[in-house]
Amino acid sequence: MQKKIAVVILNWNGAEMMRRFLPSVVGNSEEAEIVVADNGSDDESVSMLHQEFPGVRVIELGHNYGFAEGYNKALAQLEYPYSVLLNSDVEVTPHWLSPMFQYMEEHEDVVACQPKIKSERQRSMFEYAGACGGYMDALGYPFCRGRILNTVEEDKGQYDTVAPVLWATGAALMIRTEVFRQVGGLDGRFFAHMEEIDLCWRLRGRGMKIVCIPQSVVYHVGGATLDKSNPRKTFLNFRNNLLMIYKNTPSDRLDKVLKWRWILDHIAMLQMLLTGKRRDAQAVCKARREFQRMKPDFFASRQENMQAIVCQQMPEMISGSILWQYYVKRRHRYSQIKKE
């Protein structure tokens with residue numbers, strides 16, 4: 001029977017990571033073709049894949065295009081109705097694809113979804129980067145069902161319902177391949193970090209639906225490519241967050257949001273300096289400069305998004321500030337934010 005799903009793993013110098021996690025993907029994804037897109041690795045990744053995983057299709061991109069453009073180039077070579085973007089440091093569980101596939105087949109208005117993402121290191125806990133689906137506050141700060149800022153919840157089944165979300169994590173993102181291409185895929189200019197949130201924001205702005213399917217479960221190491229405290233990661237997160245805000249925020253709110261972000265980013269820099277994270281503070285300063293330099297290049301993308309918007313008020317975007325909720329009102333769980 002013709003397979004309808006491609007599980008696509010982007011790799012760069014991750015031979016050992018794939019040796020560790022690829023067996024679970026191969027063993028538990030019988031309804032999909034497994035594809036590894038290699039971003040110009042100079043370790044033994046490609047030869048190892050051919051020798052140890054002969055059933056896995058390998059696409060050699062020949063260059064490190066980054067997370068975003070690497071996936072764009074890989075999916076351009078695939079002809080499956082559904083594509084799953086899966087990080088190389090993810091362990092999947094038996095039948096993990098079935099709940100997502102069945103839901104997408106039964107709900108044509110849903111264009112993307114994610115499974116429940118749990119921590120591979122602390123297996124009772126949600127995983128920081130995806131948890132049980134992504135949301136956003138009015139100032140562009142993302143958070144998750146199961147993770148608010150630095151507070152990660154233990155999974156006790158409290159979020160086991162299928163739920164609409166604003167964004168699905170790129171660690172394990174199932175999307176209709178045709179829709180991915182129609183909206184331009186991931187923004188390659190981001191290189192890495194926030195690109196999946198930008199993609200999902202564009203989808204939601206166009207009136208398309210995204211959900212989390214917690215009946216599907218995977219375990220994610222997280223931070224395997226760049227450590228959480230890495231200044232390079234800090235730079236990419238702050239720069240790309242600002243670019244994403246500029247691309248997608250409606251005109252009547254954009255100036256206000258960017259003014260608040262100028263204040264809050266400088267407060268973040270001060271806090272980093274006071275806690276000895278000088279290189280991270282420098283990374284935030286550099287990110288803001290780079291955002292200003294790159295902003296004119298994103299004007300056309302912003303115009304395209306504004307013209308395509310049919311859904312300006314999204315229920316998955318809270319009206320206030322998640323920072324205010326977290327630090328002032330001391331609400332550290334998604335259930336408390338939802339109640340508010």
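**Entry 1: Cys 200**

I began with Cys 200, which I located in helix α6; helices (H or I, at least four residues) are DSSP runs, numbered from the N terminus. The model is a predicted one, in which local features need pLDDT of at least 70, side-chain atom pairs count only at pLDDT 80 or more, and totals for chains, interfaces and linings use all residues. Residues are numbered from 1 along each chain as its sequence is written, and side-chain values use heavy atoms, with hydrogens and water left out.

I found Cys 200 to be buried, at a relative accessible area of 1%; the term means under 20% relative accessible area (1.4 Å probe, protein chains only). I then looked up its contacts, meaning heavy atoms within 4.5 Å. Not counting residues up to four places away in sequence, Cys 200 touches Leu 166, Trp 167, Ala 168 and Ile 210. I also noted Cys 113, which stands 87 residues from Cys 200 along the chain, with 9.9 Å between the two C-alpha atoms.

**Entry 2: Arg 202**

I stayed in helix α6, where Arg 202 lies. Arg 202 is buried, and its relative accessible area is 5%. A polar atom of its side chain lies 2.7 Å from the backbone oxygen of Gly 185. Leaving aside neighbours within four places in sequence, I listed the contacts of Arg 202 as Val 183, Gly 184, Gly 185, Leu 186, Asp 187, Lys 247, Asn 248 and Asn 305.

**Entry 3: the largest cavity**

I searched next for cavities, each a set of points on a 1 Å grid over the protein atoms alone where a 1.4 Å probe fits but cannot get out. I recorded one cavity of 30 Å³ or more. The largest cavity holds about 90 Å³ of space, a volume being the space filled by probe spheres set on the points. Its lining (residues with an atom within 4 Å of a point) has 14 residues, and Trp 201, Gly 205, Asn 248, Ile 309 and Met 314 are the closest to the centre. Helix α6 gives the largest share of this lining, three residues.

**Entry 4: the second largest pocket**

I turned last to a pocket, an open set of points with protein on both sides within 12 Å along at least five of seven lines. The second largest pocket holds about 350 Å³ of space. I counted 14 lining residues, with Ala 138, Leu 139, Trp 260, Gly 320 and Ser 321 nearest the centre. Helix α8 supplies the largest share of the lining of this pocket, five residues.

Note on methods:
Helices (H or I, at least four residues) and strands (E, at least two) are DSSP runs, numbered from the N terminus. Buried means under 20% relative accessible area, exposed over 50%, partly exposed in between (1.4 Å probe, protein chains only). A polar contact is a pair of N or O atoms within 3.5 Å; within protein, one must be able to donate a hydrogen and the other to accept it, and residues adjacent in sequence count only if both atoms are side-chain atoms.
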